[in-house]
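Reader: I've got the sequence and the 3D view open. Can you walk me through it?

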Amino acid sequence: MKAKILATIACIGLFIYGFTGIDQPSNPPKEVLEHGKKVFNYVCAPCHGKDGKGDGVVSSTIFVKPRDFTSGIFKFRSTESGNLPTDADLYESISLGFHNTAMPSFSQLTPEDRYALVEYIKTFSERFSNPKEYPLNVVMPTGAIPLSPESIAKGREIYLRMKCWECHGVSGKGDGPAAQRGFKDDWGNKILIPDLTNPNEVKRASTVEDIYLVFTTGLNGSPMPSYKDVLTDEERWHLANYIYALIHGIALYDGKTIEELKSEQ
Amino acid sequence: MREKFFKAFTLLFAVISLTSYVYSIPLFARKYNRSCFTCHTTPPMLNEFGRRFQSNGYQLPGTVESTPIWMSNQLPFAAMLHSTFTWTKEEMGTEKKSTFTFARTGADIFTAGTLGKHLSYFAAVVVDPAEGGGYEAAVEVAHVIYNNILPMSNLNLKFGSFRLDLPYPVNLALSEAGYLVYEYASEVKANGQVEAEFSLAEPQLGVSAYGFLPQVLDGLRYEIALVNGTNVNEDIDNTPDLYFRVNQSIWINNAPFRAGILYYLGTMKGSQQENKFNRFGFDAEVYDPWTKKVNVFFQYLTATDKIGDEERKMNGGFIGANVFILPEKVAGFTRYDFMKVGDEKTNQITIGLRYHFAPNVFLTGEYSWMKQDTKSEMGMPMTMKMQMFMLMTHFLF
């Protein structure tokens, strides 16, 4: 009961003041960690393993392997390449899950449970308690360019110029020449290049901002780099608009809209 | 005489081999927008996450849902179509017989979900080709679950018709060949006709308290059920039977080792006979702790039937292995069953391979060999052998 009250207070505090853990390592109450361990062992351990190494018994029968938390490397973040994720990033991953993997959305878990999980997951890697890892450089997706045929066409041009097609294919179907050779992530697991024309194959891309963040932060632990230093902010938004249009079937793979295609006939 | 035995043996083998118990529920894959492999090693066998999902009233572990199915934008129905080609060879003495059969497509239809906070349900309808043409449908199980009476699925109650929580549920096995010891039937007869029967493999009517306790080492499962014990047929004596099962998990390098016991105590009162029967068994299961791709399981079971002064005993069991060769693609399975009832000994070996074209579409090839040593009515020893090869396609949607 005491643990529940403390967890509730901690959670309310979290929502009032925003997520901690951006400027310095967080120092959650012991009760929160104990609660997190209890929830983790019940809900997460079958896949991620009790010690967070991603080697739970379920990992042997699924293709996309569960995250190994001990390395402190996370693909989907709002922080710059090589940085740890923020607490909000971890909370979002638990809440939304990932398409085309075995990780479901745990939005039905109580906020207290999810917050306790975030804190407990961070205990698996020493990186989270190392002050040298902080402050985290959080990327704010500002300056968005509205989705328009022009922006989509520019995004297509950038897609070709930056040779995204080498992995993702000219049509975005994940069948580029480099993809044929196969990729492995930092943990030695095979990676499937997603078909960007199939919304069910893309792990996290429900908004243009999600896609912009992927180009800006890169996916740590995977061959997908950050394009922050090679593309301008504006170019990354155009590219994000093009990929969003591709995923959601708004544009044809060559960047043209249906109207443009008709006018050419 | 021999023909009679052939027919009886064929019927026995057909019943235990071709009965479609298999459950796998793509409606949850739709509801949670995730692949079948989130909960299944390969359908219908549940993985550790799937077992916890099931224990939690068909909801994600750690959650208690409250949105009823009629408020959801997903239809709470799913179906599985299955087609089977079978080659059978029977031998008794010098007589041999081979049969090729293309069974007409059958279907299992499921509905399950949340009815309200702490309330969920599950029902399955089996549609099979009927003899002489057409199809026949039967409600196999239908029950309401009052879930999470104690949190973390520590205590749930279910009412209605359901399968007893066996160590290796017949509806979740990869092999189509029935478990001999679970299929073993206790019965009462009237004028030489079976009036009522019970087997662990069949659904029962009643009430069950069950749960999963993740707090006890690496998880303890239990079930205490009161059931009518007549395989969902009309009760003939209103005497509740008791079923008890407990199973403890310990993880070694995150690979579960499970061991448990089960006990069933029943009474069946027919118009001419009364049968006091029981089952007692113990089970153990282990995953290889390195790759976690090999799962070996074992069950030993005894049964005693007392009808008047006559006592009949059965003992037997099975040992098997599942091998998850390529994740989400290829799985293999094998099992050896043995059973002794009086002078009658039955042995069965099955081996099979499953290939997934897609998570919900798969092809399974299975070979079974069975031998039964028994005595004729004249007291002469008889041996019957049967081989069967099945090729099955399953399509779930």
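Author: Helices (H or I, at least four residues) and strands (E, at least two) are themselves DSSP runs, numbered from the N terminus. Residues are numbered from 1 along each chain as its sequence is written, and chains are lettered from A and ligands numbered from 1 in the order in which they are written. This is a predicted model: local features need pLDDT of at least 70, side-chain atom pairs count only at pLDDT 80 or more, and totals for chains, interfaces and linings use all residues.

Reader: How many bridges join β17 to β18 in chain B?

Author: Strand β17 of chain B covers residues 330–341, and strand β18 of chain B covers residues 344–358. B:Arg335 stands opposite B:Thr350 in β18(B). The two strands run antiparallel, and the bridges between them number twelve.

Reader: Which residue in that hairpin takes a positive phi?

Author: The hairpin of β17(B) and β18(B) has two residues between the strands. A phi near 60° there belongs to B:Gly342.

Reader: And what is the bridge partner of B:Lys345 in β19(B)?

Author: β18(B) goes on to pair with strand β19 of chain B (residues 361–375), in the antiparallel sense and over 13 bridges. These two strands also form a hairpin, with two residues between them. Across in β19(B), B:Lys345 has as its partner B:Asp373.

Reader: Where in chain B is confidence lowest?

Author: pLDDT is the predictor's confidence in each residue, from 0 to 100. Chain B averages 90, and 93% of its residues score at least 70. β17(B) is at the top with 98. The lowest mean, 49, falls in residues 2–18 of chain B, helix α1.

Reader: What ipTM does the predictor give the complex?

Author: There are two scores for the complex as a whole. The pTM is 0.89, and the ipTM is 0.89.

Reader: Is B:Phe244 buried, exposed or partly exposed?

Author: B:Phe244 lies in strand β12 of chain B, residues 241–252. A residue is buried if 20 or more other C-beta atoms lie within 10 Å of its own, exposed if 12 or fewer, and partly exposed in between, with C-beta atoms placed from the backbone. B:Phe244 has 13 other C-beta atoms within 10 Å, so it is partly exposed.

Reader: Which residues is B:Phe244 in contact with, leaving aside neighbours within four places in sequence?

Author: Two residues are in contact if their C-beta atoms, placed from the backbone, lie within 7 Å. With those neighbours set aside, the contacts of B:Phe244 are B:Ile224, B:Leu262 and B:Tyr263.

Reader: Which element gives the most to the side of chain B that touches chain A?

Author: The contact takes 28 residues from chain B and 22 residues from chain A. On the chain B side, α3 (48–55) and β13 (255–269) each supply at least two residues. With three residues, the one that gives the most is α3(B).

How values were computed. Two strands pair if DSSP finds at least two bridges between them.
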